[in-house]
Amino acid sequence: MADYSIHVLEYARTRNYPKAALVYGAFEEVRVTLPYSYILLRGRGHVALVDVGYSHKDHGKYLAEKYGIENWRPPRTVLSECGIAPEDVDTVFITHAHFDHFGNVEDFPNATFYIQREEIERWSWVLSLPDRMRWMTASLDPASILHAAELSAVGRLKWVDGCWEDVIPGVDLHLARDSHTYGSMWVAVRNDGAKVSQDVWVLAGDLVVQFDNIERDGSLIDVETMYNPGAQTVGSYTNIIIAMAAMMKLVGHEARRIIPVHEARLGERFPSRISREDLRISEICLADGAVSAVKS
Amino acid sequence: MPDASAARHDPHPGDAIARYLAATGPVYGALTRLVSQVSLLLLLSDDRRLSYTGAAAARTLAQETETALAALPVPAAVGRHHWMLSQAMDRLSQVLKRLRRGRMDAAAFARLIRLVRSAHELLRLAALPEAGLSLADLRRACCSCVR
Ligand SMILES: [Zn+2]
């Protein structure tokens, strides 16, 4: 039995992205396509999202022109491919406060947002440091904290302190402190509802950006695969690898159960289709009785 | 936001605007940081469990920014741009002042949130990313390797 349907929804992409930024040390490798996505989770009476993407209004034009990000589409368009409207979303898990994950807050008027307390507290500390230390604020949009204040004012912000089990039935939140960001969060779905689950999916945020981060060819050191974190972190690579090990333990070392949102090859591993807007929808799993969103 | 009619009075409007933009960069950056810090103070006043001791730092930054903003060389052509920054500054200062007076009801809190939101909106309108005036520093963002 499966409680939740899980879909990865691409909302924008950029081509020609250096692999070395996604897999630390891959300097010699080709450029790849980098999709921007969020994850839709439906079941047990909930419609939940993991992250909400960035707002075109705030950054879109600049990103499109400067960095060649194409095909940005608003949540209403992206979600409609699964028969969902933004108003239907009741729960949002923010994995971290980077602009491309915690932007479109206004689009979800009925959702309660969950974010690690440390993520916001530590960003704010960084923002109070002298300019010569500003490297640490990269990718942070000051509006993120404003979003948090607005949500708090209307009682729709829930702080997460470390781990939170069954935040909605069968869904657990985990903290990876000082990793990709100061308070990065990853989400585990126990899809059989069991305490010790045989059917876990991990939604990894940017702790795992591509398959290669957890399944890097290990032949150099005589192992089949090895962990290889991405290059972008304000924390430590060690903490990222420790988080990966925790994720892998939870999924019984079945790497395919760890879902990276910046992976262009999800379609090779999961049923998927390209929408009318030329964006990929990947069906990670289906709840009992649910209708596929990718097969007609 | 150069406006052509005003630029006619300046024999070298391009230079003056360039000087203005160069001097405005740090001020704009400080304003965006103030948005975050003031937002956090609002959050703090709403949620006592958050630990943050940045009120004094935010007030200092506000004072410094206000002074720097007033000292900017402002050619007529960019008067409107400078006005938007001043308006944003003014709203943020109002919020800081009100926060200092302590507890407030939900309506007052909502008003302060709206002030910060409109300050942010003004900064968004005044953003000139090609000149380094951008809300978020995306130069090292996960997309900035694409050239
Ligand atoms: Zn990120």
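**Helix and sheet packing**

Reply: The axes of helix 4 (residues 79–100) of chain B and helix 5 (residues 106–126) of chain B come within 9 Å and cross at roughly 160°. Axes are lines fitted to C-alpha atoms, for helices over the stretch in contact, with angles from 0 to 180 degrees between N-to-C directions. Helices (H or I, at least four residues) and strands (E, at least two) are DSSP runs, numbered from the N terminus. This is a predicted model: local features need pLDDT of at least 70, side-chain atom pairs count only at pLDDT 80 or more, and totals for chains, interfaces and linings use all residues. Residues are numbered from 1 along each chain as its sequence is written, and side-chain values use heavy atoms, leaving out hydrogens and water.

Me: Are helix 4 and helix 5 of chain B roughly parallel or roughly antiparallel to each other?

Reply: Their axes cross at roughly 160°. Angles under 35 degrees count as roughly parallel, over 145 as roughly antiparallel, 65 to 115 as roughly perpendicular and the rest as oblique. Helix 4 of chain B and helix 5 of chain B are therefore roughly antiparallel.

Me: What is the order of the open sheet of five strands in chain A?

Reply: Two strands pair if DSSP finds at least two bridges between them. The pairing in this sheet is mixed, and its edge strands, each pairing on one side only, are strand 8 (164–168) and strand 14 (258–259) of chain A. The order is 8-9-10-11-14.

Me: Which residue is the bridge partner of A188(A) in strand 11 of chain A?

Reply: Strand 10 (residues 183–190) and strand 11 (residues 200–203) of chain A run antiparallel and are joined by four bridges. In strand 11 of chain A, the partner of A188(A) is V202(A).

Definitions and conventions
Chains are lettered from A and ligands numbered from 1 in the order in which they are written.
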